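Here are a few notes to read alongside the model. Take them in any order you like.

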Protein chains: 2
Amino acid sequence: MYFQTKIRLMKHVFFSAILMISILTVHSQEEAAVIKSLFDEALTDRTSYENLRILCKAHKGRITGSPEAEAAVQFTFELMKNMDIDTVFKQAVKVPRWVRGEPELAKIISAEYGEFDVSVTALGTSIGTGPSGLSANIVEVQNFAELEELGKEFISGKIVFFNHPMDPTMLNTFSAYGKAAAYRTKGAARAVVYGATGVVVRSLTTALDDFPHTGVMRYDLEQPKIPAVAISTQDADLLSNRLKADPALKFWFRTNCQTLPDVESHNVIGELRGTEFPDEIITVGGHLDAWETGEGAHDDGAGCMQSIEVLRLFNKLGIRPKRTIRAVMFMDEEVAQSGGKEYAHLAELKKEQHYFALEADRGALMPRGFGVSGPEERVIKILALKKYFEPYRIYEFKKGGGGVDIGPLRTFDIPLASYIPDEQRYFDFHHSGFDTFEQVNFREFQLGSAAIASFIYLIDRYDL
Amino acid sequence: MYFQTKIRLMKHVFFSAILMISILTVHSQEEAAVIKSLFDEALTDRTSYENLRILCKAHKGRITGSPEAEAAVQFTFELMKNMDIDTVFKQAVKVPRWVRGEPELAKIISAEYGEFDVSVTALGTSIGTGPSGLSANIVEVQNFAELEELGKEFISGKIVFFNHPMDPTMLNTFSAYGKAAAYRTKGAARAVVYGATGVVVRSLTTALDDFPHTGVMRYDLEQPKIPAVAISTQDADLLSNRLKADPALKFWFRTNCQTLPDVESHNVIGELRGTEFPDEIITVGGHLDAWETGEGAHDDGAGCMQSIEVLRLFNKLGIRPKRTIRAVMFMDEEVAQSGGKEYAHLAELKKEQHYFALEADRGALMPRGFGVSGPEERVIKILALKKYFEPYRIYEFKKGGGGVDIGPLRTFDIPLASYIPDEQRYFDFHHSGFDTFEQVNFREFQLGSAAIASFIYLIDRYDL
């Protein structure tokens, strides 16, 4: 009797297991079919790509605080209003207003070799030189140690040229960028200590090109402010060579940038209401502001349009999420990150329940995977979604994610994710005149949209 | 005694195993270090990329049989002569000489809606229309079944417009290309059976663009020849829409292409002699000829320059291969594949010992992996090299490889491999005016060179 019961029990366990596996397999096949339909639809429909074109071409120059940025706010607001989305609204945000003014000019002036124009661009938040520009001898350094070594005696009254290239041997170009970025962000603040009158920073790009690549810099509020520009990598090499030939040469540059009073701008948000847990919010977003030297196509018009595309794909395929999905166009990622901060601040004020957030702000090249930070147990479950993406040649699911805009949501103790496309080409475009719509490939862009939509779909579906 | 011996034996086996594992680990670390140095060098040195620029800009128009192709032969010959390479030589090959003549013209002519210029390009080996062009009513079909259904009665005297798009939902764009290619290669031969006077084929590209994409076509020698052109995808959509509005519209096009007598051309070969087995040959190659509508940057200037770069990298890092490594610039891949055939033919004649061959002819986007065909046991061992490439985000090692140029080497019963870069963007460029040097990214190109060099290094080192 006991023996028979045991066999029956074992049979029961056995068949239950089979049943479970079958259910899971059926489930998993069902999910795989939904994902396939997301990719198929994304690769067939050009709406989102066309909207990216409009954002890039009609709303170029949408730097934080500019009328162009407000026009982009209105464009995306109306774009979502015209979609079948439950709620579309704006959040007011106070943002800085830095303006570039007239195009920058710069020259190498050598008594021996003559004059030569070079390409520079003011760094974001830099002061201008005034109408007659700044002219001085120029000292090349590779890094802060060299600056320190030369000291006040040698630097004082001169322009410092930080010629620190991004390390080409680093496979992860974002890491190489991170390693070299301090010369752009802190170069002026560090050089002024030694009496420098201005700084010229080698552009942060892996390309050898004629575009100066801008980006934000920060002054030390205890120190005087000096003008700072980025120089194209071709011209950085040229300047370096000319300096070897004639160390006495002068460098002249003129920038007309200035900081005006803060203005009101907006985050733009579109919501698909959840069917089961409408109060739980999943955020997917990019930033709407962009450096006005280019069109902000990869950085980050693409992330904005991919976020809106998640909603379109869900609607088109009749996917009703359990939780509320929000596509968020963050304002002011590039200068003061005020949009992301305000989004989290309002979420706390309103006691919103945030469940998960993803940021798409690494360009729109081939999808590579996702990175996730947050509560260990949830992160591990989320990373296990990898298997659904392998058929789409998306292999990289790793710990460590988030972004500048969703970062402030970390107080909610939720998983924060980054969408990770390939980044070999990314710094060719980044913050330069080369970041145009033409550099975004339709298929790579839409494979990204489908990957993000699938990722969010699975997280919501499996309550991860 | 016996017991003690056994223990000693076990100890011996145990320590031998440990030793073996240590040696293998050391070995494997050594190889990993060599591979790292190959990638570092490739990502730092711009020689090969600069040579690609010269090939694209100074040797544009290098279609098989042209003076430009012969100039490219001379350029690569001298390029290798100036490197520290043991042997550089040419192989004479008889190749076809098809010339495009004056730029093609085409128009939609509607009595109701007026005239509209569209972008077309003659397909390779097509006959021309003659100076006054060809004008006729035009019939749109999606596929051969529709052609057959319409039949002689409807088709006779008209131009057939094959409007078969590449399937955008296929992730592998080469597969989508393969599925749609028959309308380009055989469209004229199939349509003439029903009395068509010419064919217009939708360009084989996943892009929606204004470039017509050319490529080879083949006549049925039993049938009359009719002129064939590719139309850009934008204009294919336009033509399709206009035909819906006015089915009676006429299509006019003029092509001046013609086939001249065959000429002599060359494969160009550079050899690094093997130190241990100099008679065993490892081939790595791309093709030097290219459609003259573009610069042949991705197709296949890049594959040629990557092959030469393998030799430069080996030399630079002091890697002495056991076997002879040959970089081969094949001639005439696009039209009659005579270079690849001649290479294998001469190898047989001279009783060469071929060991392994790799073809790089899928563009120079991000490396994805390698495909290998050939003797099962060797293929399996080669595919196991995957682990060395994962740190470089190269994950795809699969069965099935080779290419048009190395294909004829299959009589040697050796592994034939393809270098596989990502291909989402590839058909944007392929056979069109958009295939320019500017579309090749330095890092993607050189990651490919390093991957190919590493792959060949490991195969030679481990005798795979």
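1. In which crossing, left-handed or right-handed, does α4(B) pass α6(B)? The crossing is right-handed, that is, the near helix is turned clockwise from the far one by less than a right angle. Please keep in mind that this is a predicted model, where local features need pLDDT of at least 70, side-chain atom pairs count only at pLDDT 80 or more, and totals for chains, interfaces and linings use all residues. Residues are numbered from 1 along each chain as its sequence is written, chains are lettered from A and ligands numbered from 1 in the order in which they are written, and side-chain values use heavy atoms, leaving out hydrogens and water.

2. The axes (lines fitted to C-alpha atoms over the stretch in contact) of α4(B), residues 144–155, and α6(B), residues 182–191, come within 12 Å and cross at roughly 25 degrees. That makes the two helices roughly parallel (angles under 35 degrees). Helices here are DSSP runs of H or I, at least four residues, numbered from the N terminus.

3. Contact (heavy atoms within 4.5 Å) involves, among others, Phe144(B) and Leu147(B) of α4(B) and Tyr183(B) and Arg190(B) of α6(B). The contact residues divide into 6 nonpolar, 1 polar and 3 charged; Ala, Val, Leu, Ile, Met, Phe, Trp, Tyr, Cys and Pro count as nonpolar, Asp, Glu, Lys and Arg as charged, and the others, Gly among them, as polar.

4. Now the two chains: a rotation of 180 degrees with 0.0 Å of shift along its axis superposes chain A on chain B, with an RMSD of 0.0 Å (least squares on C-alpha atoms of residues with pLDDT of at least 70 in both). That is the relation of a two-fold axis.

Conventions
Axes are lines fitted to C-alpha atoms, for helices over the stretch in contact, and angles run from 0 to 180 degrees between N-to-C directions. Angles under 35 degrees count as roughly parallel, over 145 as roughly antiparallel, 65 to 115 as roughly perpendicular and the rest as oblique.
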